[in-house]
Amino acid sequence: MDPETIKQKFRLTADYHTHTIYSRLGPYLHGKGKVVENVAVAFGKGLREIALTDHGPSDFYGLSIRNIPQIRKDIAAAAKRFPRINILLGVEADIVDTPNGLDVTEEEFGLFDFVNAGYHYVPNSHMIQNWLSFRLPCPDSVRERLRKQNTERIIKALTSNNIYILTHPGDKAYIDTHAVAKVCEETDTLVEINARHRHPDCEELKIFAGYDVKFVISSDAHRPEKVGRYVKSLQLALSAGIDPERIINIEELRAE
Ligand SMILES: [Zn+2]
Ligand SMILES: [Zn+2]
C-alpha cells in the first residue's frame with residue numbers, strides 16, 4: 001500500500017516511545033526536544049496519548065533517576081497547556097546483566113507509568129562485543145554465541161519484569177527471533193515496529209506474526225518533529241502480512 005493511501009486509511013493514536021533532553025550526557029543532548037515540545041507535536045498530529053521514554057541510566061545518554069521529579073513537573077506543565085492529550089512517563093530500560101536483567105531496578109519501576117526494554121551499546125563488555133560483531137568480520141561461532149546470550153538476556157528481562165514494549169528487537173544485538181517472539185507471547189509484551197531502526201525487518205516481522213503477539217508502532221523520536229511518525233512502519237507491517245488490528249496504536253479510518 002502506498003504512503004498516501006496509508007495516511008487516508010489509518011491513523012496513529014499514540015506514541016509510546018519518544019526521547020527528550022533528559023537523554024543526555026552532561027551538556028550533550030542525545031534527545032533534542034523538551035517534554036512540552038514532544039507533547040505539542042503529538043497533539044498537533046492528533047494523537048490521544050504520548051509517552052516520554054528516555055534511555056535507562058546505564059546508557060551513555062541515560063536519564064538520571066534524580067531528574068524524575070523535574071520530568072514529572074515538566075509533564076504537569078505540558079498537561080496544562082495541552083489538556084486533551086494524555087502524557088505518560090516511561091523509560092527505555094537497557095537489558096543488562098543485573099539481578100532483574102535491566103538497568104532499572106524493581107524498586108524504581110514505581111517511578112514510571114510503564115517500562116520498555118531494549119538493547120543499546122551501553123559500556124559493558126557484552127555490548128561492546130555486539131557492537132564489534134556488526135563492524136568487524138565476525139566468525140559464525142562468535143555470532144551464534146552472542147545470539148544465544150542476547151536471547152537468554154531478553155527472556156530473563158521479560159520473564160522477571162512487567163515490560164510494556166520490547167523495543168526494536170534484532171537491532172544492535174543478534175537474536176533468535178522465534179525464541180524472542182515466544183517469550184513476548186508468553187509475557188504479553190508488545191513487539192515494536194520502530195520508525196528509526198532497521199529491525200525488526202519484514203522477514204523478522206513475519207516470524208513475530210506467527211506467534212500470538214500484539215504490535216506497537218513507535219517513532220522513537222529523538223527530535224520533536226519526528227514524534228508520531230508511523231507511515232513507513234505501517235507500510236512495513238502490511239508488507240509482512242500483519243493485520244492492522246494487531247497493532248494497538250493504529251486506528252482504521254472508515255468512510256462515513
Ligand atoms: Zn532504543
Ligand atoms: Zn529509543
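Which residue just after α2 takes a positive phi? That's Gly46, with a phi of about 85 degrees. Keep in mind that what you're looking at is a predicted model. The chain has eight helices and eleven strands. Its radius of gyration is 18 Å, close to the 18 Å that the globule rule gives for 256 residues, so the chain is as compact as a globular protein of that length.

**The chain as a whole**
- Along the principal axes, the C-alpha atoms fill a box of roughly 55 × 45 × 30 Å.
- Some 42% of the 256 residues count as buried.
- Take the contacts with a separation of 6 or more: 75% of them are between residues 24 or more positions apart.

**Helix α2 and what covers it**
- Helix α2 runs over residues 35-44, and its buried residues are Val35, Asn38, Val39, Val41, Ala42 and Phe43.

**Helix α5 against α4**

- Two packed helices are described by the angle between their axes and the distance between the axes.
- For α4 (residues 125-135) and α5 (residues 140-160), the angle is about 135 degrees and the axes are 11 Å apart.
- An angle of about 135 degrees makes α4 and α5 oblique to each other, and their crossing is left-handed.
- On the α4 side, the contact uses His126, Gln129, Asn130 and Ser133, while α5 brings Val142, Arg143, Leu146, Gln149 and Asn150.
- Sorted by type, the residues of this α4 and α5 contact come out as two nonpolar, six polar and one charged.

**Helix α5 against α6**
- α5 also packs with α6 (residues 177-187), at an angle of about 5 degrees and with the axes 10 Å apart.
- That makes α5 and α6 roughly parallel to each other.
- Here α5 puts in Thr151, Ile154, Ile155, Leu158 and Thr159, which meet Ala179, Val180, Val183, Cys184 and Thr187 of α6.
- The residues of the α5 and α6 contact divide into seven nonpolar, three polar and no charged.

**A closer look at Ile154**
- Ile154 sits in helix α5 and is buried, because 26 other C-beta atoms lie within 10 Å.
- Setting aside neighbours within four places in sequence, Ile154 is in contact with Ile95, Ile175, Val180 and Val183.
- Ile154 and Leu102 are 52 residues apart in sequence, yet 9.5 Å apart in space, C-alpha to C-alpha.

- Most residues other than glycine have a negative phi, and most peptide bonds are trans.
- Asp188 isn't a glycine, but has a positive phi of about 60 degrees.
- You'll find Asp188 in the loop between α6 and β9, where it counts as partly exposed because it has 13 C-beta neighbours inside 10 Å.
- Asp220 isn't a glycine either, and has a positive phi of about 55 degrees.
- The loop between β10 (215-218) and α8 (231-239) holds Asp220, which counts as buried, with 23 C-beta neighbours inside 10 Å.
- The peptide bond from His199 to Pro200 is cis, with omega near 0 degrees.
- Pro200 is placed in the loop between β9 (190-194) and α7 (202-209).

Key. Residues numbered from 1 in each chain as written. Chains lettered and ligands numbered in written order. Predicted model: local features only at pLDDT ≥ 70, side-chain atom pairs only at ≥ 80, totals over all residues. Axes fitted to C-alpha atoms, helices over the stretch in contact; angles between N-to-C directions. Helix = DSSP H or I, 4+ residues; strand = E, 2+ residues; numbered from the N terminus. Parallel < 35°, antiparallel > 145°, perpendicular 65-115°, else oblique. Left-handed = near helix turned anticlockwise from the far one by under 90°. Contact = placed C-beta atoms within 7 Å. Nonpolar A, V, L, I, M, F, W, Y, C, P; charged D, E, K, R; others polar. Rg over C-alpha atoms; globule rule 2.2 N^0.38 Å. Buried ≥ 20, exposed ≤ 12 C-beta atoms within 10 Å, placed from the backbone.
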